[in-house]
Amino acid sequence: MSTPTRRRWLAAILALSALPGAVFAATLPEAIDKAITAYRVLQDAMSLVVQEITSDVPAINLNPLIPRNPASSIKLLTTFVALDVLGPTYTWPTKLYATGPIRDGVLDGDLVLQGHGDPFLVVEEFWKMLGDLRARGVQRITGDLVVDDSHFDVPDLDPGAFDGQPFRLYNVVPSAALVNFKAIEFQFLKAKDGKHVDIRMHPTMPNVKITNKLTVKQGKCAGYNYGIAMNVPEPAVADHVIFSGAFPSACRSHTMHRTLLRPSTYAYGTFKRLWAHWGGTIEGGVREGTAPPGRPLVVWSSRPLAEIIRPLNKWSNNVMTRLLLYSLAAAEFKPPYTKQQGIDVLRGYLRESGLDDSDLVIDNGSGLSRDTRVTSRFMNDLLRHAYAHPLMPEFIASMSLNGLDGTTRRRFRGRPEAGRMHLKTGRLDHVAAIAGYVVASSGKTYTLSLMINHANAHQGSGIEIQNAVLRWIYQQ
């Protein structure tokens with residue numbers, strides 16, 4: 001820490017200590033202190049700010065100026081800035097171009113799919129888009145599907161760089177032409193004879209090969225992934241997956257969600273299957289390229305941003321957030337957009353709004369990062385800024401409603417606290433975080449930002465401390 005920065009930090013600490021109602025490590029509420037002590041979490045390893053929305057001072061103010069890893073709670077920053085900068089009705093187009101003439105239902109040439117970063121181009125949306133293509137009179141395509149993802153300038157990233165798990169859904173790399181998050185659900189079902197395991201894939205991808213080497217062994221239904229091992233022989237292509245291992249005889253089924261293929265080949269597999277549903281055929285394969293000049297055959301619009309951020313925040317979707325950060329660049333720059341341009345727009349918004357970003361470290365906007373840092377004071381200021389904003393209802397509606405949906409659907413389920421909290425959770429190895437709004441039993445609304453960066457905080461102790469804080473706020 002530089003000398004000027006250290007001076008500013010010490011001055012801020014002294015100013016905070018003079019505030020009436022400011023609570024530091026020695027004076028935490030008994031219920032919260034008891035939970036921290038029980039799980040042997042050091043107060044120096046956590047930051048907590050709780051503030052009633054109409055109050056000028058926090059009710060709890062523990063280590064508010066220490067930058068910490070917020071994990072996925074940082075998604076609140078990315079989504080609110082996008083909501084205000086791009087607007088709640090902002091949409092992303094996906095365009096289809098024909099490179100040849102269309103006669104008697106035959107497109108004599110290629111079909112070009114040009115992506116613009118739609119964060120929610122799921123199978124259902126893709127299917128409806130192809131319905132529009134069919135309505136334009138196309139049935140047979142003689143050429144290839146050409147996928148154009150040049151709208152974003154994404155470097156050649158290693159999807160396994162974060163934790164060595166390149167085929168986990170949370171590690172999907174952004175692409176302007178990403179379809180369905182490149183997600184595949186594998187279902188493992190014990191056959192009727194009890195000696196074999198059947199594998200089903202959803203969505204069915206005609207360009208993915210499955211080799212089934214699974215056996216059945218006597219035993220209880222337990223073990224990591226129930227004894228199923230997954231191997232991808234050619235990771236760069238990822239069009240062949242091998243399942244091996246011994247499936248416990250006591251298990252009936254198991255479901256595994258993974259990601260395979262490249263963005264272009266996933267788009268092609270999805271296209272080929274769904275196009276057949278509309279009675280269409282394509283004779284060629286897939287390649288990457290750019291869209292031709294001229295008017296597109298079909299322009300499919302995404303759902304509006306205010307709807308997009310709901311599955312993003314409620315279920316903490318990383319790649320949707322990363323796409324949103326690239327999309328922020330559209331406010332000031334011309335395509336192809338870069339991540340840094342999105343960060344520049346985000347920081348510009350914060351400064352114009354009077355939110356101090358000097359201790360903020362942004363990596364990819366999703367929280368899937370070892371480097372992201374933010375203070376609880378900043379997160380609390382952001383939440384208070386958002387609460388006073390005209391778009392507050394859209395923002396709050398994107399958060400998980402405790403006991404009801406999203407990542408906090410099991411928190412206080414069936415209890416008086418259920419449905420009183422709009423929250424965003426965050427979890428990485430040794431990181432547990434939560435931020436949002438709590439409506440207390442008194443009817444008062446509180447903002448909350450809690451970050452715990454402590455050994456094994458992600459393994460249960462973090463959630464228990466979070467719940468102790470949430471109970472305390474509810475009781476106010």
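I started at Asn225, which counts as buried at 17% relative accessibility (buried is under 20% relative accessible area, exposed over 50%, partly exposed in between, with a 1.4 Å probe and protein chains only). Asn225 has a positive phi of about 55 degrees although it is not a glycine. I found Asn225 in the loop between strand 11 and strand 12 (228-231); helices (H or I, at least four residues) and strands (E, at least two) are DSSP runs, numbered from the N terminus.

Notes on the model. I am working with a predicted model, in which local features need pLDDT of at least 70 and side-chain atom pairs count only at pLDDT 80 or more, while totals for chains, interfaces and linings use all residues. Residues are numbered from 1 along each chain as its sequence is written, and side-chain values use heavy atoms, with hydrogens and water left out.

Backbone entries. I looked up Ser316 next and read a positive phi near 55 degrees, again in a residue other than glycine. Ser316 sits in the loop between helix 6 (305-314) and helix 7, and it counts as buried at 18% relative accessibility. I noted both residues because most residues other than glycine have a negative phi, and most peptide bonds are trans.

I then checked the peptide bonds. His202 and Pro203 are joined by a cis peptide bond with omega about -5 degrees. Pro203 belongs to the loop between strand 10 and strand 11 (209-217). Another cis peptide bond joins Pro335 and Pro336, with omega about 5 degrees. I placed Pro336 in the loop between helix 7 (318-328) and helix 8 (339-352).

Strand entries. His202 is also part of strand 10 (residues 197-202), on its uncovered face with Asp198 and Arg200. The covered face of strand 10 holds Val197, Ile199 and Met201. In a regular strand the side chains alternate between the two faces of the sheet.

Which residue of strand 10 is the bridge partner of Lys190? I found Val197. The hairpin of strand 9 and strand 10 has 6 residues between the strands, and there Gly194 takes a positive phi near 75 degrees.

Salt-bridge entries. How many salt bridges does a search of the whole structure find? I got 11, where a salt bridge is a side-chain nitrogen of Lys or Arg within 4 Å of a carboxyl oxygen of Asp or Glu.

Lys128 is partly exposed at 37% relative accessible area, whereas Glu125 is buried at 4%.

Arg140 and Glu283 meet in a salt bridge at 2.4 Å, N to O. Arg140 lies in strand 7 (residues 140-141) and Glu283 in the loop between strand 15 (281-282) and strand 16 (286-288), so the pair ties together parts that are 143 residues apart in sequence. Arg140 is partly exposed, with a relative accessible area of 33%.

Arg351 pairs with Asp357, the closest N and O atoms being 3.0 Å apart. Is Arg351 buried or exposed? I read 55% relative accessibility, so Arg351 counts as exposed, while Asp357 is buried with a relative accessible area of 7%. I also logged one network, in which salt bridges that share partners join Asp110, Asp144 and Arg287.

Note on methods. Pairing = 2+ DSSP bridges.
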